[in-house]
Amino acid sequence: MTPRGVCVGDGRQDVGIPADGILEWIDRTCPAEDERAFVASLRDIEMLTRIGWETPFPEVLDQSTVLNIEDLPDEVAEGLARPHGVLVACAVCRSLCVRDEFLWKDRQLCAWDYHAQVFGKRGPWHEGLYEERHFESGPSCAYVAAPLLEELNVQEVLTIGGIAQSHALAIINATISGESSRTYMAVKTESGFSLLHEA
């Protein structure tokens, strides 16, 4: 789960479950109180187990290869329609995240931990105008998630995409010069640049 939605990994994990223990395994693995856990109906599972149904795992897991796509949560079904990604463990919380979307100091982070560490109070906030060299050492990530910024009391004041870095620098500095008493942070993203300031 990412702020942009579900990303399905390009790997797979096989799990061997004895047929007579499948219901207990489901109870442990997909508890009813977990909103993100999902499983086919127990009636369908019992029927498939009883008849000994099996099929090889598909080469590509997408919406067309899931028999009960209507039973999946909407965000999972949408995730199956998107390109798959390489999933890795976050260096802080160990939850799965998309590789290289949020890399900080050579550590893979999930979006939540990246935002907390980089855009939090101890992040690389900058006073004054930016120079070209500041862009080279500043933060870079796949995207900036506004809901995660709100939790940190940080605002995205400018988003720039599709222009040369030198033009982006001029626009960022023009924005900063209007309120030079604040600290700012310019962030490179997949689509261009974001300028943040502490609210």
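Hi everyone, let me start with I163, which counts as partly exposed at 37% relative accessibility. Before I go on, please keep in mind that this is a predicted model. I163 sits in the loop that runs between β6 (154-161) and α7 (165-178). If we set aside residues up to four places away in sequence, I163 touches A168 and I171.

Now over to another loop residue, E101, found between β2 (96-98) and β3 (103-104). Is E101 buried or exposed? Its relative accessible area is 14%, so E101 is buried, the cut-off for that being under 20%. What does the side chain of E101 make a polar contact with? The partner is the side chain of R4, at 3.0 Å.

Let me finish with the cores. The largest nonpolar core has 35 residues, and the ones with the most contacts inside it are Y114, F119, Y130, I172, M185 and L196. Two or more residues each come from α4 (111-118), α6 (146-151), β6, α7, β7 (183-189) and β8 (192-198). There is also a second, separate core of six residues, with V6, V8, V66 and L80 among them.

Back to M185 for a moment: beyond four places in sequence, its contacts include V118, F119, W125, Y130 and L196. Thanks, and I'm happy to take questions!

How values were computed:
Residues numbered from 1 in each chain as written. Predicted model: local features only at pLDDT ≥ 70, side-chain atom pairs only at ≥ 80, totals over all residues. Heavy atoms only, no water. Helix = DSSP H or I, 4+ residues; strand = E, 2+ residues; numbered from the N terminus. Buried < 20%, exposed > 50% of the residue type's maximum accessible area, 1.4 Å probe, protein only. Polar contact = N/O pair within 3.5 Å; in protein donor to acceptor, adjacent residues only side chain to side chain. Contact = heavy atoms within 4.5 Å. Core = buried A, V, L, I, M, F, W, Y, C linked by side-chain atoms within 4.5 Å.
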